[in-house]
Amino acid sequence: MLLENFYGSTLLWIEAQLSGKNWLWKLTFFAVALSLFLAFPPYSLLFDHLKNNGVSLDAWVFIQNQAQDILHPKDMDYDVRRENMIFRWTLPALSFLTGHNVLLILIIQAVLGVLFLYKVAGYVYSVSGDKVITALFVTAIANIFVSVWAFADVHGYGDEFAFFFLLLALLSKNPLVIFLSLQIAFFTDERAVVAGGYLLLWWMGTKAYRSNNFGVPGLLKSAFTGESLIVWVAWAIYFAIREYVQTTYFPHHSYSTLGTPVLLANAHRNGLGSSMWGAFEGTWLLLLAAFAVLCLTRRYWLLLALMAGFVVLVATGIYVHDIDRALSYGFPFILLAAFILIETSSTSTVRLILFFTMVVCVAHPQVFYMGYNKILWLEPFPVKLFMLIDHRLQWGLFS
């Protein structure tokens, strides 16, 4: 009874806070503030990088070199990071446009992270019509890797640019916006190219529910027409550009790690289970609930398509060191799971599932895997502040 009263009073309190015409922005900034408080970004790495004249974070060094001549970057060594970066042009383009201002690029990245949450909030409210559902979902998403990384990524990976533009493509009805957003995402990181397939699954799922057509012909039609067709065109143009550039400017280029499932090797295996849980945290409850709904309603063909897509997500993730980044490109599965629950379940049921989803996401420490069995924790702000005091006073507690 006590828990039931706590749950009810919490939902009433949430609803009371979301008044006024700017409640979506109020919710977004609250979710961001909570996320930053619970998982404060490693800005000390950024300050060290700037203090050392921009040489301590290797990705930024190569980005600056590539910005000066995108097709003939200096110091093009064949190591895992640099050979993978030569077709990632979004950050080099920003580096060129901002005069190689790393701090400004990270501010833009953070703004896109805020807009990511705002657009997610707007969409969830548009399909649910419920402020509490929207608040619970956004607070949960704000405290998992896909959102936290907008502020924690000071390394020069730029995934939040890809996340935002994939979301923009996913939610847009404008063919030009979808196409341009996909190209920006694709040229940010190759993981976004694979994620184009998750957008196809998103449109397959949402259109199936709106048309009540779950047969194979209907699902296939959704995968090759409308917005989905733009993904196919974007893929074709992206690969054509890559092929031309590689043939003309990098004829001897290859990926030394291609075909190697690094996450199954002894030096990395501990990160697999951690990342499988940590990239989604409490949103696993949403994914499992949507899975149950699809099984109980016998939407087997859609379920099969989504499971195949999720297998691709996991399979591609084990081929890279930083699997958290790879798995987080699967955020369309989380959005689709929420959509399915909203479409098929009562408001009270969705609220209950999202409440526990939010609690797990907020309570769970933000950890992620960076390769070689190195699992990192983003400390809460009070801990980070105490670490700063420890460093200043040379107590050595965190050394």
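This is a predicted model: local features need pLDDT of at least 70, side-chain atom pairs count only at pLDDT 80 or more; totals for chains, interfaces and linings use all residues.

**Aromatic rings**

I began with an aromatic cluster, and Phe 87, Trp 89, Phe 186, Phe 187, Tyr 238, Phe 239 and Phe 250 form one. My pairing rule: rings of Phe, Tyr and Trp (its six-membered ring) pair if their centres lie within 6.5 Å; planes under 30 degrees apart count as stacked, over 60 as edge-to-face and the rest as tilted.

Residues are numbered from 1 along each chain as its sequence is written, and side-chain values use heavy atoms, with hydrogens and water left out.

How many aromatic pairs does the rule give? I get 34 aromatic pairs. I took Trp 25 and Phe 29 for a closer look: their ring centres are 5.6 Å apart and their planes are at 25°, so I wrote "stacked". Trp 25 and Phe 29 are four residues apart in helix H2 (residues 23–38), so about one helical turn separates them. Helices, by the way, are DSSP runs (H or I, at least four residues), and they are numbered from the N terminus.

Next I checked how covered these two are. My scale is relative accessible area with a 1.4 Å probe and protein chains only: buried is under 20%, exposed is over 50%, and partly exposed is in between. Trp 25 comes out at 29%, so I put it down as partly exposed. Phe 29 has 48%, so that residue is partly exposed too.

Then came Phe 145 and Trp 149, with ring centres 4.8 Å apart and planes at 25°, so this pair is stacked. Both sit in helix H9 (residues 145–152), four residues apart, which is about one turn of the helix. Are Phe 145 and Trp 149 buried or exposed? Both are buried.

**Charges over rings**

I also looked for charges over rings, which needs NZ of Lys or CZ of Arg within 6 Å of the ring centre and within 35 degrees of the ring normal. Arg 299 lies over the face of Phe 214, 4.0 Å from the ring centre. I also found Arg 325, whose charged end sits over the ring of Tyr 157 at 4.2 Å from its centre.

**Two covered helices**

Back to H9: eight of its eight residues are buried. Among them are Val 146, Ser 147, Val 148 and Ala 150. I used Ala 150 for a distance check with Ile 107: they are 43 residues apart in sequence, and their C-alpha atoms are 9.5 Å apart in space. Ile 107 lies in helix H7 (residues 102–128), and its relative accessible area is 46%, so I call it partly exposed.

H19 is mostly covered as well, with twelve of its 14 residues buried. These include Phe 331, Pro 332, Phe 333 and Ile 342. I tested its length too: the expected span is 1.5 Å times one less than the number of residues. For the 14 residues of H19 (residues 331–344) that should be 20 Å, and the end C-alpha atoms are 20 Å apart, so the two agree.

**The second largest pocket**

My pocket rule works on a 1 Å grid over the protein atoms alone: a pocket is an open set of points where a 1.4 Å probe fits, with protein on both sides within 12 Å along at least five of seven lines, and lining residues have an atom within 4 Å of a point. The volume is the space filled by probe spheres set on the points, and grid points are joined across faces, edges and corners.

The second largest pocket has a volume of about 560 Å³. I noted 18 lining residues, of which Ser 44, Lys 384, Met 387, Leu 388 and His 391 lie nearest the centre. Which helix gives the most to this lining? It is H21, with eight residues.

**Positive phi**

Glu 281 has phi near 45°, a positive value in a residue other than glycine. I found Glu 281 in the loop between helix H15 (270–278) and helix H16 (283–296), and at 0% relative accessibility it counts as buried. Gln 394 also has a positive phi, near 55°. Gln 394 lies in the segment after H21, and its relative accessible area of 70% makes it exposed.
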